[in-house]
Amino acid sequence: MTALTDAPVVVDEAVGTRRPRPRRRSLAWLGAVPFLAYAFLFLVLPGVSVIVSAFQNTNGSFTTQWVRDLFQGQFLSANVNSLELAALSAITGGVVGFLAAYAVVTLGRPRWLRSFVTTFSAVAANFAGVPLAFAFVATIGSEGAMTKLLENALGVNISSFNLVSVTGLVVVYTYFQIPLMVLVVAPALDGLRREWREAAANLGASATQYWLRVGLPVLAPSVIGAMLLLFASGFAAYATAVALTSGLVNLVATLIGNYLSGNVIAQPQMGQALGLDMLVVLFVAVGLYLLLQRRASKWVR
Amino acid sequence: MATLALQGLHKRFGTVTALDGLDLELASGELVSLLGPSGCGKTTALRIVAGFEVATSGRVQVAGRDVTDVPANKRDMGMVFQAYSLFPNLTAAENVEFGLRVRRQAKAARAAKVAELLELVGLASAAGRYPYQLSGGQQQRIALARALAIEPSVLLLDEPLSALDAKVRVNLREEIRRIQLELGITTLYVTHDQEEALSISDRVAVMSQGRLEQVGTPAEVYRRPATPFVAEFVGTVNRLTVRVVDPAAGIVEHRGRRLETAEPLSLTAGAETRLLVRPEALVPSLAGADGTADGIGGRVVGTSFLGAVTRLWVDLGDGAVVAADVQSAAADAFTPGTAVALSIRPGAGRVLASDRSEADPVVAELPA
């Protein structure tokens with residue numbers, strides 16, 4: 001008699017009967033333990049600490065003062081600047097990066113181009129901080145090589161362009177936003193099947209009609225999702241902004257740095273409130289990204 | 001419905017010749033299958049007809065109109081791809097409606113057409129589902145409905161069943177044929193599956209290395225293969241090394257035994273050639289106790305159950321192994337080791353003028 005069971009069943013070759021095979025517990029999860037422990041200690045715990053401290057007074061009692069301050073004065077201005085910087089650099093880097101990724105993915109040749117662009121993007125996306133700031137100052141700063149070259153060779157004067165501004169930061173951030181976009185959106189472009197384009201043409205659609213009705217709607221979740229990641233990256237970037245502007249441009253990230261390093265009046269709770277501010281923005285951006293990715297993966301599976 | 005003509009199509013990809021002078025005409029309402037192994041050029045031919053590839057030379061005509069230089073989106077052809085061609089962001093109904101929207105048809109007309117076609121392919125209840133919510137067979141039905149919605153002059157099918165399970169494949173190919181006959185639409189069907197091609201086509205065009213080997217009805221291609229390639233690619237065939245005895249009467253000799261072929265031979269008496277015999281034309285019978293019988297003697301070395309028939313693998317004694325089919329109900333008598341005598345149905349053997357005996361007489365490989 002065979003018992004009903006939801007356990008996997010194997011055929012016993014010797015006697016031809018079925019017997020339940022005991023489930024084996026995989027130990028693969030052990031590999032994730034170091035990472036999870038690290039994330040818990042240095043991401044989750046500090047995050048909880050930031051949230052709690054943002055609502056605590058100097059004597060430890062509950063207050064919403066710090067959070068309310070976020071919407072006033074220099075804090076409001078920092079938020080506006082950071083959002084503007086994040087949005088502009090995400091849009092610029094997103095559009096340029098998308099076009100670059102599209103060109104590389106669809107061209108396919110020469111064969112080395114794809115791997116070259118991917119490798120370069122992986123490096124460039126992580127090129128930030130003092131080296132990046134120096135590179136831009138040395139290139140298009142008021143005394144930069146390109147500034148002088150344009151002035152001497154073509155009579156074009158760009159020395160009035162101020163790198164130490166939100167616009168200047170957008171230009172600099174775009175340097176790592178473009179390759180980041182290439183890395184994130186290239187797999188989505190790979191998922192755009194040739195059959196869809198051909199089927200649309202076969203049904204009488206022009207290239208424009210195909211892109212409007214199929215190509216862009218299919219890519220939209222991935223592209224918008226990728227731009228949200230860029231937005232988050234632009235909002236949270238710290239080292240490049242500090243290296244380039246020395247805190248002269250009022251941003252959330254640099255304000256947090258100032259509060260935590262004691263460069264201004266010691267108000268660690270305000271720094272924690274700014275940290276909470278950044279956490280909320282990042283959670284919203286990443287949450288939307290995950291939602292869009294879920295939709296995108298559903299369509300192309 | 002329109003006729004379709006492929007005239008002298010050549011296609012080269014760098015140094016590779018994909019099509020080497022393909023000529024084929026489809027009558028109005030006819031279903032012709034391009035049948036051949038992978039890389040024979042059949043899909044390239046279909047893509048040239050659809051306008052997705054440009055022929056190196058040659059012309060494509062639809063109803064007498066030259067469409068060689070007409071872009072794919074102006075050719076008025078419906079196409080069903082191998083798989084994954086449904087637009088993933090649109091429901092089944094929206095997919096079917098796509099071509100009609102592009103043509104700016106009125107909403108009511110579009111809705112009526114979509115409903116009619118979903119009914120035709122038996123998926124009216126799946127109108128609101130997205131492709132990822134449909135099985136492979138359902139997706140291909142929707143793809144067929146989408147291709148038919150624009151009422152194309154020609155329907156092109158590029159191995160539409162290749163990604164499906166065996167049972168679904170059989171059901172859907174019959175459905176495709178039913179719909180094609182119902183609509184009377186001229187259809188070019190690409191497949192590498194000979195059973196599929198033989199079962200649904202008015203004519204089969206067998207291709208090899210960019211050329212047409214033979215074009216004929218399924219029965220003609222199967223029974224009267226024009227070339228050794230067709231004989232071997234379409235169905236299983238045994239090759240027996242024989243010597244021509246009486247060319248005018250179509251008589252050959254195999255191991256001292258006279259055999260009657262299907263038709264007079266263009267070879268001279270005494271010439272050595274090969275006789276092609278299908279497994280079902282080789283009739284096995286049990287040899288006598290002394291191992292002799294009236295027929296080609298051999299010994300069963302293996303059997304393959306194929307359903308209604310069982311295929312016997314018979315060693316003729318000199319390393320040559322032939323395949324012979326027997327009704328499965330009577331197959332129990334032919335166990336491995338059994339001595340048998342094989343006779344050939346009169347007129348069932350065929351000699352190809354181009355098929356000189358060059359190789360060993362092994363005619364069908366024993367499956368591993």
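In chain B, six strands make up an open sheet of mixed pairing, ordered β6-β7-β8-β3-β9-β10. This is a predicted model, in which local features need pLDDT of at least 70 and side-chain atom pairs count only at pLDDT 80 or more, while totals for chains, interfaces and linings use all residues. Residues are numbered from 1 along each chain as its sequence is written, chains are lettered from A and ligands numbered from 1 in the order in which they are written, and side-chain values use heavy atoms, with hydrogens and water left out.

**Six-stranded sheet**

- Strands are DSSP runs of E with at least two residues and helices are runs of H or I with at least four, numbered from the N terminus; two strands pair if DSSP finds at least two bridges between them.
- β6 and β10 (211-216) of chain B are the edge strands, each with a single partner, so one side of each has no neighbour in the sheet.
- Neighbouring strands of this sheet are turned against each other by 20 degrees on average, direction ignored.
- β6(B) pairs with β7(B) (residues 154-158) in the parallel sense over four bridges, and Met79(B) stands opposite Leu156(B) in β7(B).

**Four-stranded sheet**

- An open sheet with antiparallel pairing has the strand order β2-β1-β4-β5 in chain B.
- At its edges stand β2 (16-26) and β5 (65-66) of chain B, each with a single partner strand, so one side of each is left without a neighbour in the sheet.
- β1(B) (residues 4-13) and β2(B) are antiparallel over eight bridges; His10(B) has Asp20(B) as its bridge partner in β2(B).
- Helix α1(B) (residues 42-50) packs on this sheet, touching β1, β2 and β4 (57-62) of chain B (contact: heavy atoms within 4.5 Å).
- The direction of α1(B) makes about 115 degrees with that of β1(B) (axes are lines fitted to C-alpha atoms, for helices over the stretch in contact, with angles from 0 to 180 degrees between N-to-C directions).

**Interface of chains A and B**

- The contact involves 26 residues of chain B and 21 residues of chain A.
- The two chains bury about 2200 Å² between them, 60% of it on carbon and sulfur atoms (accessible area, 1.4 Å probe, lost on being put together and summed over both parts).
- Pro88(B), Asn89(B) and Tyr132(B) supply 26% of the area that chain B buries against chain A, more than any other three residues.
- One salt bridge is found across the interface (a side-chain nitrogen of Lys or Arg within 4 Å of a carboxyl oxygen of Asp or Glu).
- Glu198(A) forms a salt bridge with Arg47(B), with the closest N and O atoms 2.5 Å apart.
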